[in-house]
Amino acid sequence: MPSPQATQSPPPLPSTEKVESTNVTDDEWRAMTTVLNGVYAYRTEEYVPTLFGLQRAKINGKEYQNFSEFVRDFALIPHNAQVYNRPDAGAYQDALTIKSLLESQFKKLVEQKVITAEMAVLPHLGEIPPQDEIPVEEEEEEEEDDDDEDDEEEGDDSDEEGGRRKKRRGPRSAAAIAKRDGGAKDDAAKKGGADDMDARKRRGRPPKVDTPMEARIKAIMKGMRKPKNSLNQLKVSHFERLPDKTAMPEYFNEIKAPMAVDLLKRKLKRKKYQSVDQFMKDVDLMFENAKQYNEDESQIYKDAVDLQKEAKVLAEQEKRKPDTDFVMEDGRLPIPDGILHNGELWKVGDWVHIQNPNDLTKPIVAQIYRTWQDTEGQKWVNACWYYRPEQTVHRFDKHFFENEVVKTGQYRDHHIDEIVDRCFVMFFTRYNKGRPRGFPSDKEIYVCEARYNEEKYKLNKIKTWASCLPDEVREKDYEMDLFESPRKMKKFPSPIAYLLKDSQKETDDIPKPEWGAENAPPKIGAVHRRPRDPKFFSPNLMQDSPPPEPTPPPPPTPPPPPPRQISNISNQATNKYSSPTMVGADTPARIPAPTLVHQRSQTQTSYTPSHPQQYQKQSASPAMNQQRLPTPQTLPATPQANHNASQLGPQSSYPQSSTVQAQSGRTYQQPTTVRQTASSYLHPPPPEVYTLPDLANATIPQEIREQFHHDEQGRVLFFTAPPLDTVSPVKEGAALGHSVRYLAAKARREQSLRQKRRAEDSELKEKEATRKRVKREAEESLTRDIAQLKEKALQALEDKLVHATREEYRGMYGEHWKAGMQQDLHRWELAQR
């Protein structure tokens with residue numbers, strides 16, 4: 001048959017065509033196609049072949065020199081699959097299927113005398129290397145933690161070479177964790193303080209505290225993993241996970257309630273099972289699904305039958321054991337319903353403040369993961385810590401939300417007496433929309449956006465908030481009282497940015513945090529200048545996120561001014577880098593055009609770690625500098641406009657230079673010089689007015705622009721000097737507040753909201769009462785209808801019995817059936833007496 005290539009256009013250079021002689025006959029070419037089609041015809045029963053495109057292309061192109069070469073090509077597929085896969089892998093089992101299928105296809109060709117028996121023998125391609133089996137216990141522990149690890153490490157660390165996450169493997173049992181932690185502490189005690197700090201920041205896991213019921217279920221699952229079939233394959237391997245929906249959509253069309261081992265584990269971890277019998281119903285469902293979908297002679301069907309019997313035997317054995325056989329090795333007794341302490345119930349999922357030995361004013365923010373009782377009757381909780389920004393190590397220009405905390409990998413045990421109070425942590429996507437309903441207003445509410453990796457000192461943005469919560473509460477949600485409109489969330493500079501030293505460089509090692517008490521977060525973190533990793537610098541991975549705006553290049557250093565009389569405006573400069581403003585004679589020098597200053601230039605340049613006092617001054621409000629206006633004899637320095645609408649407040653009509661200096665630690669002023677007249681009197685210069693570019697002006701909200709002078713195009717007017725008729729406050733330092741009209745409007749609005757909320761609550765109650773009444777009436781009506789139907793059914797049954805009896809007596813006695821019936825009734829009456 002012609003190949004598909006013959007139907008295409010011929011190549012431009014005929015000399016490049018491959019022309020070789022072949023020893024394959026036409027019958028053998030047809031036999032190759034028959035073998036290939038036979039393999040593909042098997043795809044609907046057990047597997048989907050995907051690796052035969054190369055063989056089909058060679059057959060169509062007639063590239064095989066002899067039939068043995070075709071046999072060797074096909075034999076390579078199962079051989080390679082067996083070499084590079086474990087015996088219990090699906091690919092390994094598919095390889096055995098393909099191998100047996102090929103042998104049967106070649107046997108048919110030998111019987112048809114298309115090829116000889118020698119040609120049909122699969123060549124020996126090398127020994128299959130032996131595979132080391134994974135211990136059953138270790139494999140189970142790995143798989144139990146896979147789900148948690150994937151969730152816990154989501155978006156955390158990436159592979160150094162390919163950028164893909166590495167899945168952490170290894171035993172995670174309580175004994176293994178205890179052994180690891182104990183060994184770490186011993187080594188740390190031997191090596192000293194540095195190793196001790198490393199041991200503290202090592203990632204942990206919540207301890208395993210299983211109830212007897214959960215321990216029985218885990219024992220059943222462990223026992224199901226041991227049996228193997230005749231192929232030396234674990235029988236449970238068929239049921240580990242559900243098939244891919246895209247590859248096998250027909251499975252989900254036929255099986256309405258799919259179930260697999262990984263789903264059993266997930267339900268167990270999330271406390272969905274209340275008894276062993278409830279768990280066994282899902283186990284039976286899993287095996288019944290396999291028997292329904294697969295053929296009776298298939299290996300999966302046989303393994304399902306065997307494992308179903310084995311699981312029932314294991315369940316009966318475990319249920320006969322007393323609860324004392326399932327006590328944890330360390331004597332922990334779980335308290336799944338929570339701990340009652342000081343009149344409050346503390347349970348898994350609660351957000352709490354825990355005593356911080358390093359700083360009693362900053363309790364540890366944590367979430368409870370486990371609750372249990374030790375052998376002495378003491379109550380304990382295991383909680384995941386959330387660090388405050390000042391307890392982390394980050395770049396000096398990192399910004400944080402107000403009240404922000406970051407999730408850590410620290411899961412620590414605390415006595416119930418160490419709990420101070422309740423708190424709450426919200427994901428940043430919900431923090432700006434409202435607050436938890438019913439949560440006391442005097443309790444702290446924090447916002448969380450990132451995980452903190454204490455090994456690499458990196459902050460990684462959380463993708464899924466549910467992955468940060470205990471299994472028991474992942475599917476639960478809380479109601480919220482929503483704001484009228486989402487609030488804007490603003491980030492602030494790092495609270496420990498002042499720790500940065502001038503001598504620190506980008507090539508320095510990352511500094512370490514300062515640790516204190518044993519079971520407490522660091523006393524204080526650290527900041528560094530290490531360059532950002534461009535691989536992680538994206539909106540989704542937020543290690544050391546910079547301020548929102550890029551920093552403009554610094555202005556050029558001004559030339560030294562000539563010696564002139566120094567104005568008192570220089571007293572307003574709070575930074576040693578500010579150049580003094582010079583005052584001269586009659587005509588002022590030309591004031592240069594204003595430059596737009598982005599918000600980042602006001603924040604990043606404000607770090608003066610070697611002068612903490614100056615840093616504190618700069619963070620204060622500039623309003624005090626603006627109250628003392630310069631006299632008309634001084635010419636203010638060039639103002640600098642700002643994109644941020646919050647800076648364009650009512651003080652915009654005043655000189656902006658002092659404001660910018662108060663917020664920026666390294667803002668240079670362009671010196672301005674004027675000359676004096678003979679009378680030494682300086683007339684007030686005409687005020688110069690300027691506007692922002694249209695794009696910058698448009699960023700100012702309309703309601704704010706309307707509060708200030710503006711031109712015909714609606715652009716806000718900025719003046720280089722204050723008006724001469726400025727009225728000073730009556731009393732310097734008087735407190736500012738809202739007007740009575742505003743307060744009255746605010747009170748009316750709050751009253752209206754309360755009334756609206758009460759009306760909504762009342763309406764909801766009425767709707768609920770109506771719904772209950774309708775439901776009750778429907779149930780009563782249904783009960784009456786059922787009673788009536790019962791009565792009718794009994795009457796109909798009675799009529800049928802009477803009719804049947806009469807017909808029977810008519811057949812027995814004819815016209816005298818009534819007399820016969822009376823005789824029988826009289827005889828039965830006497831017999832009953």
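**Cysteines, aromatic pairs and a helix crossing**

Cys448 counts as buried, at 0% relative accessibility (buried means under 20% relative accessible area, exposed over 50%, partly exposed in between, with a 1.4 Å probe and protein chains only). The model is predicted, so local features need pLDDT of at least 70 and side-chain atom pairs count only at pLDDT 80 or more, while totals for chains, interfaces and linings use all residues. Residues are numbered from 1 along each chain as its sequence is written, and side-chain values use heavy atoms, with hydrogens and water left out.

Back to Cys448: its sulfur sits 6.3 Å from the closest cysteine sulfur, in Cys468, which is too far for a bond. A disulfide is a pair of cysteine sulfur atoms within 2.5 Å, and the structure holds zero of them. Cys423 is buried too, with a relative accessible area of 2%.

Now for the rings. A search of the whole structure turns up 17 aromatic pairs (rings of Phe, Tyr and Trp, the last by its six-membered ring, pair if their centres lie within 6.5 Å; planes under 30 degrees apart count as stacked, over 60 as edge-to-face and the rest as tilted). One of them joins Trp351 and Tyr386, edge-to-face at 5.2 Å centre to centre and 70 degrees between the planes. Both Trp351 and Tyr386 are buried. These two also belong to one aromatic cluster with Phe427, Phe428 and Trp465.

Finally, residues Arg806, Tyr809, Arg810 and Tyr813 of helix 20 meet Trp817, Gly820, Met821, Asp824 and Trp828 of helix 21 (contact means heavy atoms within 4.5 Å; helices are DSSP runs of H or I, at least four residues, and strands of E, at least two, numbered from the N terminus).
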